[in-house]
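Please read the points beside the sequence and the model.

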Amino acid sequence: MVLTWPSPLIIAHRGASAYAPENTLAAIELAIDMKAHMVELDTKLTADEHVVVIHDQTVDRTTDGSGKVMDLSLAELKMLNAGSQFSVDYGHANIPTLDEVFEFYGGKTLFNIELTNYTSPFDQLPEKVSQLIKRYDLQNSVLVSSFHPIPLSRFHKFSPDIPIALLARAAYLGFLSRGWLGRALIPYQALHPNNRDVTKKLMDTAHHYGHRVHPYTVNDQEEIKTLFRLGIDGIITDDPALVSHLLSNNESFVDHNNKQ
Ligand code: G3P
């Protein structure tokens, strides 16, 4: 499968998370305003098996509550404030469901949905995410990613036509994912490596196999320019406004021949 999305893609990490509380509707709205092409969001299941958008396994860092997401019901999670930890200006933000995200923003942006059921890789998350994508007819606007091969393989079984991306841990921890084993195990269309692991060799190999390369998570101007010179196909950033600004003012550092 060849992806026909723009290259390079600006992928807003957890929404425009440099400017608004991560993984909230406000951060998605801002990412779209800042001309991100795609919004990266983290998904996991509640105790009553709703798909919610939150990165950590617990609510402790990003909300005023405490406890594991998988131990809390949707009603309990919805009572939490997911904005004030970031700024008092976001006191009304709550944890969105993926259903709400697709209802409000489906068709308005592309999505990179990360399956973050890392402590419960055999749960129903892949199936439920697949069902939601199909319910909103977003098969052509979604890229589903994970560091874990099991949720990603299970998602692929439910939805073989929806593109997937393999996330690779930094340095030696991601060595196997970035190499032949990752390619053998997961029929991915995009590789999401740590930005420090992107080399010309990695780029050449990925493009040889027809894979896009979207490194994470890059917010430094010089690092962004270096990666674009290496021919990356997209960049996962907390600061889509910065990347948008660099792309519009420094066209010369993008290799326009390097398109999938
Ligand atoms: O998906 C890119 C990036 O989010 C991966 O790292 O820890 O933020 O899920 P993490």
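1. Leaving aside neighbours within four places in sequence, Ile-113 is in contact (heavy atoms within 4.5 Å) with Leu-41, Thr-43, Leu-98, Phe-102, Val-129, Val-142, Leu-143, Val-144 and Ser-145. Ile-113 belongs to strand β4; helices (H or I, at least four residues) and strands (E, at least two) are DSSP runs, numbered from the N terminus. With a relative accessible area of 0%, Ile-113 is buried; buried means under 20% relative accessible area, exposed over 50%, and partly exposed in between, with a 1.4 Å probe and protein chains only. Ile-113 and Leu-143 are 30 residues apart along the chain, and their C-alpha atoms are separated by 6.2 Å.

2. The model is predicted: local features need pLDDT of at least 70 and side-chain atom pairs count only at pLDDT 80 or more, whereas totals for chains, interfaces and linings use all residues. Residues are numbered from 1 along each chain as its sequence is written, and side-chain values use heavy atoms, with hydrogens and water left out.

3. Which residues of helix α3 are buried? In α3 (residues 98-105) they are Leu-98, Val-101, Phe-102 and Tyr-105. They lie on the same side of α3, because they cover an arc of only 95 degrees around the axis; the arc is that of the directions from the helix axis to the C-beta atoms. The cover over these buried residues includes α1 (25-33), β2 (38-45), β3 (51-53), β4 (110-115) and α4. After α3 comes Gly-107, with a positive phi near 85 degrees.

4. Two packed helices are described by the angle between their axes and the distance between the axes. Axes are lines fitted to C-alpha atoms, for helices over the stretch in contact, and angles run from 0 to 180 degrees between N-to-C directions. For α1 and α3, the axes come within 11 Å and cross at roughly 30 degrees. This crossing is right-handed; a crossing is right-handed if the near helix is turned clockwise from the far one by less than a right angle, and left-handed if anticlockwise. Leu-25, Ile-28, Glu-29 and Ile-32 of α1 meet Val-101, Phe-104 and Tyr-105 of α3. By class, this contact has six nonpolar, no polar and one charged residues. Ala, Val, Leu, Ile, Met, Phe, Trp, Tyr, Cys and Pro count as nonpolar, Asp, Glu, Lys and Arg as charged, and the others, Gly among them, as polar.

5. Glu-29 lies in helix α1. Its relative accessibility is 38%, so Glu-29 counts as partly exposed. Glu-29 and Ser-244 are 215 residues apart in sequence and 16 Å apart in space, C-alpha to C-alpha.

6. Helix α4 (residues 125-135) and helix α5 (residues 149-158) have axes that come within 8 Å and cross at roughly 40 degrees. The two helices are therefore oblique to each other; angles under 35 degrees count as roughly parallel, over 145 as roughly antiparallel, 65 to 115 as roughly perpendicular and the rest as oblique. The crossing of α4 past α5 is right-handed. From α4, Pro-126, Glu-127, Val-129, Ser-130, Ile-133 and Lys-134 meet Pro-151, Arg-154, Phe-155 and Phe-158 of α5. The residues of this contact comprise six nonpolar, one polar and three charged.

7. For helix α9 (residues 221-229) and helix α10 (residues 240-249), the axes come within 11 Å and cross at roughly 55 degrees, which makes α9 oblique to α10. Here too the crossing is right-handed. Gln-221, Ile-224, Lys-225 and Phe-228 of α9 make the contact with Leu-242, Val-243, Leu-246 and Leu-247 of α10. These residues divide into six nonpolar, one polar and one charged.

8. Some backbone features deserve a check. Most residues other than glycine have a negative phi, and most peptide bonds are trans. Asn-23, in the loop between β1 and α1, has a positive phi near 60 degrees. At 3% relative accessibility, Asn-23 counts as buried. Ala-171 has a positive phi near 55 degrees and is placed in the loop between β6 (164-167) and α6 (175-178). At 38% relative accessibility, Ala-171 counts as partly exposed. The peptide bond from Ser-7 to Pro-8 is cis, with omega near 5 degrees, and Pro-8 is found in the segment before β1 (9-13).
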